[in-house]
Amino acid sequence: MDKLRYYSYYVKTMFFGYENCYNGFYGSDEDIELCPNEHNGYLSSAESKIPDEDTSIQANGSIHTNIEGEKEKEPINDAEKVGLSSAWQAGWNVGNCMQGLGILSLPYTVRQSGIASLITIAAVLLLGNYTSKILVDCLYEERKSGGLGGKTRKTRVRTSYPDVAVACWNKWGSHLLNIITIVDVTAVATLYLELSGSLLVDTFPMAGLSKLSWICISAFAVLPSVLFKNLTRISYISLLAVLAIGAMLFSVVWYSFGESVRWNIKKLPTFDLEEFGISFSVILFNFGTQFIMPGVEESMRERDKFGRMVNITYVIVAVINIGYAFFAYLTFMDDTQEFITYNLPTGFIQTTVSLLFVIKSLLSYPLMFFLIVTSLESMQLRCLPPCNPPTPEDRLPVWTIIFRFMLVLFTLLLAIVIPHFTLLMGVTGSLTSPWLDFIFPCIFHMTLKRGQLNLFHIFADISIIIIGLVGGGLGLFYSIKVLIRVYTVH
C-alpha cells in the first residue's frame, strides 16, 4: 500500500466518515475500498476471535462485543491488536510515501546550498518524526473505564487528520484543511504534467517535439480521467512508482560509486540564503507524510509499536536520501541537473527510469484530480452544483464533465505558465507543507492536550511552529523572487 492508497483512505475518512468506509462510495464495492477490512490490513467486525458474540466496530473505532445473556463489555483499547499490518509493513508504506517526485531534485538542492541542504534533510525528517507522533497522539483521549475508580486508558476517538482539525476548530478546521489540500494537490497534479513533458522531451529528442508539446500530449493522455467514477485499479497500478524510484536510486548510486575517483568534498557550495530558501521548500515538499499517519497507525497489528516504527523508518529514509543526494552531487558537481535522470548516461537505463516516472505521473494524476473534486464538493459551496452522480449507476452529469475538463485545462495552464519544476515545487512546499506537516500538528497537540503536556513538549511544539513559519516564509519569498527574475529576464 503506497502513497496513492493512503491518499484515497484520507479522502474517504475525511468526507464519508469511518462508519461509512466499509463499502465504496455510494455503497459500491467496485470503488476504492481502503477502509478497514480483511483485504487491506484491518480486521472486519465479522472476524472477531470471540465466538458466538455480536461484535461491532463503532464510529470512533472502538470494538464492542455483546454476549448473549451478558452485559455489554467495555470497548477494547484501540492500542491493542486490531489491525493486520506488521510494524515492518507499516514502515515500508511510510518509507514509500516519502519517496515522491521531489527525490529527483534532491541532488540539485545540494548543488544549490551545499552541506546546508543535507543538514536540512536530516532536520526536516527529525521534526517530521516528532509531528507524526503527536498527530497520532491527538487521535486519542484519556478515559476512565469501569465507572468511578476505574483505570484511565487511552481510547482512540478520532480516525483522521480532518477529525483532529474539527475537534479543535469545528467545521472551519475541516474547511481550512480542504483549502490547503486543494492548493497542494493542484500543484502536485501540475507537477505531474510538467515532469512528464520534461522527461519525454529528453527521452525522445528524435521526435522533434518541444517540452510544451509533450506537456499538452500528457494532458491529453489523462483527459479520459474526467469520466472516471472510481480509481481502485489505478491506485493499485501505482506500484510502478516504487519500481521507478528504486531503479533510479540504484542507478544513480551505482554510477556514482563507479566515478568516486572524481569526488572532491572541498568543492561543496558555500551557503547562500536565497538558494537555501528554495532548497528548504523542495525538501519540505518531498518528505511530508503526516496526513497518512492516522491511517498507517490504524492499520497496525500492534499499535504500541507505532513510535518505534516511525523512528526506524525515518532513520533509514534519512540515511538513504542523504547518501544518495550527497554521492550524486559529488559525482556530477556543478553539472548536477534539476532532474538527476538527466545526468545518467544516455541509453537503456536513463530511458527506462524516465519512462517509469512518466507512467507513474500519468497514472497518479487521476487521483490528484479526484482529490480536488471531492475536496471542493465537501466544502458544499453554493456556487458549485454536485460534482458526482447521485449513484454509481447514473451517468456523470454534463456539469461534472465540463467542470472536470476545466480542472484538467487549469493544471495544464499552470504547467505551461510556470515551466520550472523546482521553483513550482518550492512555492507549493512553502505554502502548504509547513502548515500540514509542522504547524497544524503542533497547534492541535497543544489545543487537545492542554494541561497534559510537560515543558519539553510545549517548548518543542512552539519551536517547530516558529521553524515552520520562518522556513516557509523564507522559502516562499525566495521562490517567488526567483520566479519573477526568470520571467523578467526572459
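## Helix packing

In this predicted model, helix α5 (residues 161-203) packs against helix α6 (residues 211-222) at an angle of about 125 degrees, with the two axes 8 Å apart. Helices here are DSSP runs of H or I with at least four residues, strands are runs of E with at least two, and both are numbered from the N terminus. The axes are lines fitted to C-alpha atoms, for helices over the stretch in contact, and the angles run from 0 to 180 degrees between N-to-C directions. Helices α5 and α6 are therefore oblique to each other, given that angles under 35 degrees count as roughly parallel, over 145 as roughly antiparallel, 65 to 115 as roughly perpendicular and the rest as oblique. The crossing of α5 and α6 is right-handed; a crossing has this hand if the near helix is turned clockwise from the far one by less than a right angle, and is left-handed if the turn is anticlockwise.

A second pair is formed by helix α2 (residues 87-97) and helix α11 (residues 306-332), which pack at an angle of about 45 degrees with their axes 9 Å apart. Helices α2 and α11 are therefore oblique to each other, and their crossing is right-handed.

## Basis of the model

Residues are numbered from 1 along each chain as its sequence is written. Because the model is predicted, local features need pLDDT of at least 70 and side-chain atom pairs count only at pLDDT 80 or more, while totals for chains, interfaces and linings use all residues, and side-chain values use heavy atoms, with hydrogens and water left out.

## Positive phi angles

Most residues other than glycine have a negative phi. Asn 170, which has its place in helix α5, has a positive phi near 55 degrees. With a relative accessibility of 53%, Asn 170 counts as exposed, where exposed means over 50% relative accessible area, buried under 20% and partly exposed in between (1.4 Å probe, protein chains only).

Met 333 also has a positive phi, near 50 degrees, and lies in the loop between α11 and α12. Met 333 is buried, with a relative accessible area of 15%.

## Salt bridges

A search of the whole structure finds 8 salt bridges, each being a side-chain nitrogen of Lys or Arg within 4 Å of a carboxyl oxygen of Asp or Glu. One of them joins Arg 485 and Glu 274, at 2.9 Å from N to O. This pair links distant parts of the chain, since Arg 485 is in helix α16 and Glu 274 in helix α9 (residues 273-287), 211 residues apart. Arg 485 is partly exposed, with a relative accessible area of 37%, whereas Glu 274 is buried at 14%.

In another salt bridge, the closest N and O atoms of Asp 137 and Lys 154 are 3.0 Å apart. Here Asp 137 belongs to helix α4 (residues 115-137) and Lys 154 to strand β4 (residues 152-156), so that the pair, 17 residues apart, links distant parts of the chain; Lys 154 counts as partly exposed, at 35% relative accessibility. Arg 262 forms a salt bridge with Glu 259, the closest N and O atoms being 2.9 Å apart, and Arg 262 is partly exposed at 46%, as is Glu 259 at 22%.

## Buried threonines

Thr 411 lies in helix α13 (residues 398-417) and is buried, with a relative accessible area of 2%. Although Thr 411 and Tyr 192 are 219 residues apart in sequence, their C-alpha atoms are 9.5 Å apart in space.

Thr 374, in helix α12 (residues 348-378), counts as buried at 6% relative accessibility. The C-alpha atoms of Thr 374 and Ile 182 are separated by 9.5 Å, while the two residues are 192 residues apart along the chain.

## A nonpolar surface patch

On the surface, Trp 435, Leu 455, Ile 458, Ile 462, Ile 466, Leu 469 and Val 470 form a nonpolar patch with about 650 Å² of accessible area together. Patches are made of residues with over 30% relative accessible area and no salt bridge, with nonpolar side chains (Val, Leu, Ile, Met, Phe, Trp, Tyr) joined within 5 Å and like charges within 9 Å; accessible areas come from the Shrake-Rupley method with a 1.4 Å probe, and for residues only the protein chains shown count as cover.

The largest share of the nonpolar patch, 6 residues, comes from helix α16 (residues 455-489). Ile 458 has its place in helix α16 and is partly exposed, with a relative accessible area of 34%.
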